[in-house]
Amino acid sequence: MHIPDGFLTNRIAVSMDAVSAAGVLYAAARVKLEDVGRKVPIMGVLAAFVFAAQMLNFPILGGTSGHLIGGALLGILLGPMAGLLTIATVIIAQALFLQDGGLIALGANIFNIGAVTTFSGYTLFRLSGGSGRAGRPAALAGFISGWLSLVLSSAACAVQMALSGAIPLHIGLPAMTGYHAIIGIVEGGLTAGVLTFLGRVRPDLLDYNSKARLGIADWIGAVVLVGMPTLILAVAGSSQLPDPLQRLIGVDPAAEGTVDPLSSPDRFGGYFIRTALFVLLIGVAYLASRVAQWKRSRS
């Protein structure tokens, strides 16, 4: 669903850049006023997990493939503001290091993949009765929020492409929402599964009023969760089928002249190094925040 450069008009692209920049700055100001000490380590772990999970493409109907987003899960666990900041860092890293989505279209991708999924997922989860309830109600609400947030995100992408004249709306909207309604089943299942798992082993992480922090065992578990999809990608690679947007705009990632970082001969080393560097940057940011917090407590 990442829009490459050249398919949005300057008017649409620049407008979405301005909207997303304002949204990210506002979210940063809001998160700064909240309990940052509790959220920063969780944001780092979830950002690394979502970054790795989004790289795994799986085939769906019609000769296309899809991938997870995780925006609804971030919105539910972190709140929409911190969730937007977290997924925005993932989208920026993908554009810079993996050429997944254009730089001019970065604002549109942050809006579609980040803002729409985190805010709609958070809202749908609460409207579905998942807030403050564990077990089946939370799992059902998580599935609904994960599935519908992905469909809404694809609809926003189709509208932007139609406004830019790249794809007629009567073709792009049903195609994008139809394909992503299928992908959303996996997205909803992931969201429901993670919430069910956390509700059993770490219910305090679902409590926004809790002061809990991740322990050593949680960090080990997070490394395993990030490492498993990374290992699968490094060894087996992801699906070479185009995603629904690539199919609509006629971009074939396997065609001559296009470069897929995950299908290159050095995909193991290249992808592993980029993922490791991204996780390292998150760790450094977390340590810096902890040192700053320690200095404030001493002063």
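Reading from the N terminus, the elements of this protein follow the order α-α-β-β-α-α-α-α-α-α-α-α. That makes ten helices and two strands. Welcome to the structure, and please keep in mind that it is a predicted model.

**The protein as a whole**
- The protein has 299 residues, and 49% of them are buried.
- Its accessible surface amounts to about 14,100 Å², with carbon and sulfur atoms accounting for 70% of that area.
- If you take the contacts between residues at least 6 apart in sequence, 79% of them link residues at least 24 apart.

- In soluble globular proteins, nonpolar side chains tend to be buried together.
- Here the largest nonpolar core contains 53 residues, and Met1, Ile3, Leu8 and Leu78 have the most contacts inside it.
- At least two residues of this core come from each of helix 1 (10-32), helix 2 (36-53), helix 3 (71-78), helix 4, helix 5 (106-127), helix 6 (136-163) and helix 7 (169-201).
- Helix 4 is the biggest contributor to this core, giving ten residues.

**A closer look at helix 4**
- Most of helix 4 is covered, as 14 of its 18 residues are buried.
- Just past the end of helix 4, Gln99 adopts a positive phi of about 55°.

Definitions and conventions
Residues numbered from 1 in each chain as written. Predicted model: local features only at pLDDT ≥ 70, side-chain atom pairs only at ≥ 80, totals over all residues. Heavy atoms only, no water. Buried < 20%, exposed > 50% of the residue type's maximum accessible area, 1.4 Å probe, protein only. Helix = DSSP H or I, 4+ residues; strand = E, 2+ residues; numbered from the N terminus. Core = buried A, V, L, I, M, F, W, Y, C linked by side-chain atoms within 4.5 Å. Contact = heavy atoms within 4.5 Å. Areas by Shrake-Rupley, 256 points an atom, 1.4 Å probe, with all protein chains shown as cover.
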